[in-house]
Amino acid sequence: MGRGRIWAEGLGLAGLGGLLFAFPTESLQAAREGVSLCLELLVPSLFPFFVLSSLLISTGLAGLCARPLTRWMEPLFGVGGAGAAALVLGLVGGYPAGARAVAQLVERGECSREEAGRLSRFCNNCGPAFFLGAVGVGVFGSQQAGLLLLGANLLAALLVGFLSARGRPQRAARPAAAPSPALSSLVTEFPGCVQSAFSATLGVCAYVILFSVLTALAEASGLLPALAGAAAHLFPGEGAATLCRGACIGFLEISTGTAALREAATAPAALPLAAFLLGWGGLSVHCQSLPFWRAAGVRPGPYLRAKCLQGLLAAGITALAAAVLPLPVPAMAALPAPAAPGPVPWAAVALLALAGGCWWSLRQKRAGKAGER
């Protein structure tokens, strides 16, 4: 590590300490809100799925399903059938259940580290309950909006997984234990699975509380309003200030970021922006997933780029769907009738073109590295 980086990190920590001393009341209140969020939402929703994923993998049931599912997972996503367990848990359990499932598959030898790298790009997603309840009904006042966001992100995640498998040099070598996974008794594995699931849940809650405090400090210090104001000047439009503020918060933490869009839910860009934030996940989610990715040998760089690509794809799909089939969102009922859209939804085209450019750039970079080897 270079001296410049050490000094930069030291100055950053010193600045954070200064903000904690300057805004103790705001920090304390944000920490309380983070604890409340964990107790009311995260622990009830994450802990059962963590236990379920641990039991499925530890008992060997996930590996038992690997052989018949390989015929689908291998050609589509370049991974073995055991990866289907991580895919399902990642789509249903919410962040970071998919990451934990991938790490457990690697630990049991049912998934190689190379396959884990591919799985990381599309198996760590927001859960359906958050799409439908917290965002669909809570932000946009419509369950149909939540269904649109859920469908767009599901399609975007699968597209990222499919694109990531294209052009891979060769099929990863399958670990010896994968073809014949050992089955364990549910009674034997249950106590250890509950303990490990609770420990993982506490780790997730720690990051939620921390990022709640960081967001409050950015707000109290004026950094967040300044960034949102600068972005609003660059992207003017209906509800620009509120949308840019939600984007800045959502870059850090997904739940408060999407909730901040409520005041501008009638803006045309609100729904695609929410789709992007849900696909991206936020730095808090990525920090929650980082211990699992390290255990699985997954590099954070490709994972973060894939999540950004997923967000762009989800935003483009959402904008396209909203332009072709406008949703009857109650929050938009009071608005005057908008002008009829043109034959081409240019916002959706631009977002999808940007996603395509990002994917092409990532593919060229991967091809360059393979050529160097």
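Which residues does S289 touch, not counting residues up to four places away in sequence? With contact meaning heavy atoms within 4.5 Å, S289 touches P96, A99, N124 and Y303. This is a predicted model, in which local features need pLDDT of at least 70 and side-chain atom pairs count only at pLDDT 80 or more, while totals for chains, interfaces and linings use all residues. Residues are numbered from 1 along each chain as its sequence is written, and side-chain values use heavy atoms, with hydrogens and water left out.

**Nonpolar cores**
- A nonpolar core is a set of buried Ala, Val, Leu, Ile, Met, Phe, Trp, Tyr and Cys residues joined through side-chain atoms within 4.5 Å, where buried means under 20% relative accessible area with a 1.4 Å probe and protein chains only.
- The largest nonpolar core has 39 residues, of which F50, V102, A116, L119, F122 and A296 touch the most other members.
- Helices, which are DSSP runs of H or I with at least four residues, numbered from the N terminus, that each supply at least two residues of this core include α2 (24–58), α10 (186–220) and α15 (283–296).
- Apart from this core lies another of 30 residues, among them L149, V160, A264 and L277.

**Helix α15**
- S289 lies in helix α15 and is buried, with a relative accessible area of 0%.
- A296, leaving aside its neighbours within four places in sequence, is in contact with V102, A103, V106, R113 and A116.

**Cysteines**
- The count of disulfides, each a pair of cysteine sulfur atoms within 2.5 Å, comes to zero.
- C38 counts as buried at 3% relative accessibility, and its sulfur is 3.5 Å from the closest cysteine sulfur, in C205, too far for a bond.

Technical notes:
Buried means under 20% relative accessible area, exposed over 50%, partly exposed in between (1.4 Å probe, protein chains only).
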